[in-house]
Amino acid sequence: MARDNTNIKPTEAELTLLNVLWKVGPATVRQVHDVVSKTQKTGYTTVLKILQIMHEKTLVIRDESNRAHVYAPSNSETFTQSSLLKDLATKAFGGSTSKLVMRALDESTSKEEIADIRQLLNELEK
């Protein structure tokens with residue numbers, strides 16, 4: 001019986017691998033390692049072990065039909081990001097979305113990002 005993974009929060013290392021899988025799609029350990037090793041020094045066996053743990057935690061699914069197992073995220077990027085933000089808002093901001101947003105916006109926020117946020121707010125108000 002599959003476990004419900006909606007309350008499982010990925011670690012930083014797991015998020016790194018999930019970001020690769022969201023970007024490139026289902027991939028083997030070698031393919032994930034090749035992408036990750038472009039930006040950080042990580043061993044093949046480390047990537048393998050993290051993916052195995054993620055499979056146990058139901059963060060990824062694994063196709064074992066070929067010799068090289070193929071991994072894919074169990075949930076979409078949007079779903080995972082929303083879940084992490086809700087958890088952060090609850091734990092760090094007392095459940096206040098506005099406090100979270102105000103803290104996230106600072107002088108490094110570009111004019112383009114502000115325009116995108118303004119457009120989103122206008123759409124939400126409709």
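Me: Buried means under 20% relative accessible area, exposed means over 50%, and partly exposed lies in between (1.4 Å probe, protein chains only). What makes Glu14 buried?

Reply: This is a predicted model, in which local features need pLDDT of at least 70, side-chain atom pairs count only at pLDDT 80 or more, and totals for chains, interfaces and linings use all residues. Residues are numbered from 1 along each chain as its sequence is written, and side-chain values use heavy atoms, with hydrogens and water left out. Glu14 has a relative accessible area of 4%, which is under the 20% limit, so the residue counts as buried.

Me: Where does Glu14 sit, and which residues does Glu14 touch?

Reply: Glu14 belongs to helix H1. Helices are DSSP runs of H or I with at least four residues, strands are runs of E with at least two, and both are numbered from the N terminus. Contact means heavy atoms within 4.5 Å. With residues up to four places away in sequence not counted, Glu14 touches Lys9, Ile50, Ile53, Met54, Lys57 and Leu59. For Leu59, the separation from Glu14 is 45 residues in sequence and 8.7 Å in space, C-alpha to C-alpha.

Me: Why is the pair of Glu14 and Lys57 called a salt bridge?

Reply: The term requires a side-chain nitrogen of Lys or Arg within 4 Å of a carboxyl oxygen of Asp or Glu. In this pair the closest N and O atoms are 2.9 Å apart, so the distance falls within 4 Å and the name applies. Side chains of opposite charge can pair when their charged atoms come close.

Me: What makes Lys91 and Asp87 a salt bridge, and how are the two placed in helix H4?

Reply: Their N to O distance is 3.2 Å, and that is within the limit, so the pair qualifies. Lys91 and Asp87 are four residues apart in helix H4 (residues 77-93), which means that about one helical turn separates them. Lys91, at 65% relative accessibility, is over 50% and therefore exposed. Asp87, at 23%, is partly exposed.

Me: Why does Thr80 count as buried, and what is in contact with Thr80?

Reply: Thr80, a residue of helix H4, has 10% relative accessibility, so the value is under the limit for buried. Pro10, Trp22 and Asn75 are in contact with Thr80, leaving aside neighbours within four places in sequence.

Me: Are Thr42 and Thr58 buried or exposed?

Reply: Thr42 has 18% relative accessibility and counts as buried. Its place is the loop between helix H2 (29-36) and H3, and, apart from neighbours within four places in sequence, Thr42 is in contact with His33, Val36 and Val47. Thr58, at 17%, counts as buried too. Thr58 lies in the loop between H3 and S2 and has a positive phi of about 65°, although it is not a glycine.

Me: How do you know that the lining of the largest pocket is nonpolar?

Reply: Ala, Val, Leu, Ile, Met, Phe, Trp, Tyr, Cys and Pro count as nonpolar, Asp, Glu, Lys and Arg as charged, and the others, Gly among them, as polar. The lining consists of Leu100, Val101, Ala104, Leu105, Ile117, Leu120, Leu121 and Leu124. That gives eight nonpolar residues, no polar and no charged.

Me: Which helices supply the lining of the largest pocket?

Reply: Helix H5 (97-104) and helix H6 (111-125) each supply at least two residues. The largest share, four residues, comes from H6.

Technical notes
On a 1 Å grid over the protein atoms alone, a cavity is a set of points where a 1.4 Å probe fits but cannot get out, and a pocket is an open set with protein on both sides within 12 Å along at least five of seven lines; lining residues have an atom within 4 Å of a point.
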